[in-house]
Amino acid sequence: MSANNTAKSIIEFDDQSVRHFMWASIIWGIVGMLVGLLIASQLNFHQLNFNTSFLTFGRLRPLHTNAVIFAFVGNMMFAGVYYSTQRLCKARMASDLLSKIHFWGWQMIIVSAAVTLPLGLSRGQEYAELIWPINIAVMLIWVVFAVNFFWTLHKRNEPSLYVALWFYIATIITIAMLYIVNHLSIPTSWTHSYTVFSGVQNALVQWWYGHNAVAFFLTTPILGIMYYFLPKAVERPVYSYRLSIVHFWSLVFIYIWAGPHHLLNTALPMWLQYLGMFFSLMLWAPSWGGMLNGLLTLRGAWDKLRTDPVVKFFIAAVTFYGMSTFEGPLLSIRAVNALSHYSDWTIGHVHSGAMGWNGFMAAGLFYWLAPRLYGTKLYSAAWANFHFWIGTMGILIYVGAMWVSGIMQGLMLNATNPEGTSLMYPAFLDTLTAIRPLMAARIVGGLLYFSGMVLMLVNLVLTARRGKAVNESREVALLNRGDKDTMPLKDTFINDPIAYMFGGLLLIMGWVFLPPGADIASLVCAGIFAVIAIRKFQQGAQKWSNWYDRLLVNYMPFTVLTFVAVLLGGLIQIIPTVVVNRAQNIEDRIQKVYTPLELAGRDLYVNEGCYNCHSQMIRTMLPDVLRYGDYSRLGESIYDHPFQWGSKRTGPDLARVGSRYAEDWHYKHMMDPRSTSPGSNMPPYAHLYERKFDQKSLPAKIAAMTQLGVPYPAMSGDEIKQKAIEQGIQVVGKLKEKGIAASPDTEIVALIAYLMKLGQYDTPEVEERLTDGTQGLPFPLKPGDPDKFRTTVKPPSLPVPAGQ
């Protein structure tokens, strides 16, 4: 049909949903940052825990992270996606009803999280704390969002998919995959469940999810927003379309592999540690490619940087993206990670991305959107500029303080005498005292940033009051059905680009997994294969280009190909750990099964969020061994649902705390931490001394654990409760010997029983075999084989210094 005969229609975009998501993002962002200010202050002033159960640091920290990620950034993402998708597709969102369900459903999820997390209802995994009914709601609302989005793509009146839509597609399908797998659980009640994964398997799945939640919730959708709104703001096209292609596919494929870098120097098999580090280092290239593509889009319009606050926010955000994606691979190097992990350096890294990249992109987006959504001009550009400068100062103070604090703490904790036989700073609290001024500086930086957010809210409210809500209308040419989505799925995969990509990938995987000799041959073949692929591309570049152009006119094949790209990395990491985390594959120790009372105490430990400040993983590093005891083995957490290795040490590691202190010490410490550890910033837990532990749910919990493979003997419900009370009486008896009176059915007794169990294990007789760091490999190692997959030399088991 000729252009003159093409049917046209007036389309009114659904900007009401955009307005809703924008205001929700700002309000929840302020709430989340206010909670962040409170918990930052609690680290310096323990009195701000207010001696209550629901305002302790351990319960509020998950509230802060979930509010910032899912409420602030989530709503901001939806606002940007809904606005840009309609313009890029030249079509209104497919269903107003689905848009409304999406908005109100998401807000109800946030409210549910805001209620349950302070109540101590938690799954005990970072960024995945929400209880199972809320998780089901998250997935249902995500499906609503996905259906609305893909339905809109199907109805589009623009044949080709613009680059922003690629990132939205990757976000939707990958988050669904990650969220479902990581949240697989067996419920024991309406508010409690046990994850189906445990130990090292749980650790790998959790950080496969945790790292890629950052990648596909906080990065890829925001990159899509950058690719749409930055060119709009500077009135210039994207610098390089080819670079955007490389940026997208390399980022989507590589990011999914990098999760193991959160578990370096731990009991994670060595081949997985190196795999995570290798792909993390590779992330430098695509990440900086995207950053440069964003910055160079400003070519010929740098003068706007002086006058337009929107451009200021966007360019600063892209710059912070570049800084964070440089620092992330740096921290994934094992030697650097040995210093940074468990310290404030990681906190600084996370916040430079969250505040600089996500926060500034949100501010730039909202300052650009609000005048258009309300048909008026921004109320005060001067206030927006002031917001930019106090926000920037806040980020620099905050991140700078955390960098210095983290490096200082890491150096102090790892410092030994020249002989390597003793620690230079044996008391953990020495490091906490040294960084207190820096923790105070963090509060100042956070307060400046928070003030900018409040100023933005006022500015945008006044902007909205000056104008009135408007929905943009646009005349569009209606697209014929034959002009889009006609590519068969077989054409997506049966072609040279895909054949060479998968062939090269298989050969690289051969280099990683095949036994010595065959791995080198596979690597050589991969090099030869790459040369052949390059020559093939040079000979048929136009053919390859035409195939990709066809792909962009067909959203379903594009989506399937994206899903395959992210699925591969997940399967190659996750499947071997199904073999790793079995009792017959552990090194030399198997964790002792928790008694009913100890299991109740462990659930209390999880609910109180103790993993936010304490790790349970002694790394294969001499300073860790000197400070905490023998390094942790893979089998010592095999029955932990969920694992509690932690990612931050505001307090010492607890993996072997059971043999270090008596029951009365724990009793006094939990009542008043400063009575046993002068200078501690830990909150008191007086509520544990008054409440009874939940005996009624213990049979269901034991049944779920048995179903998950924990070898409990057959017990009736009454026997389970009786065993719990009998052990409680034993704990109370030991407390009584120290002049302390307690009731055997209280939560503090259950928690003490759990803490006393930590570090206990069995050492079954096993065949002598080479398993160090090689568990999960598809081939056995033999004496004399290269050390390609083995761990570093294990540190000796040395005595713990007195008083630790």
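User: Domain bounds come from an automatic or database domain assignment. Where are the bounds of the domains in this protein?

Analyst: This is a predicted model, where local features need pLDDT of at least 70, side-chain atom pairs need 80 or more, and totals use all residues. Numbering runs from 1 along each chain as written, and side-chain values use heavy atoms, without hydrogens or water. The protein is divided into domain 1 (8-478), domain 2 (488-552) and domain 3 (590-762).

User: How many Å separate the centres of domain 2 and domain 3?

Analyst: Domain 2 covers 488-552 and domain 3 covers 590-762. Taken over C-alpha atoms, their centres are separated by 51 Å.

User: Which helix holds Ala164?

Analyst: Helices here are DSSP runs (H or I, at least four residues), numbered from the N terminus. The run at residues 163-182 includes Ala164, and this is helix α5.

User: Is Ala164 buried or exposed?

Analyst: The relative accessible area of Ala164 is 0%. Under 20% counts as buried, over 50% as exposed, and in between as partly exposed (1.4 Å probe, protein chains only). Ala164 is therefore buried.

User: Which residues is Ala164 in contact with, leaving aside its neighbours within four places in sequence?

Analyst: Contact means heavy atoms within 4.5 Å. Ala164 sits in helix α5 and is buried. With those sequence neighbours left aside, its contacts are Leu88, Gly224, Tyr227 and Tyr228.

Notes:
Helix = DSSP H or I, 4+ residues; strand = E, 2+ residues; numbered from the N terminus.
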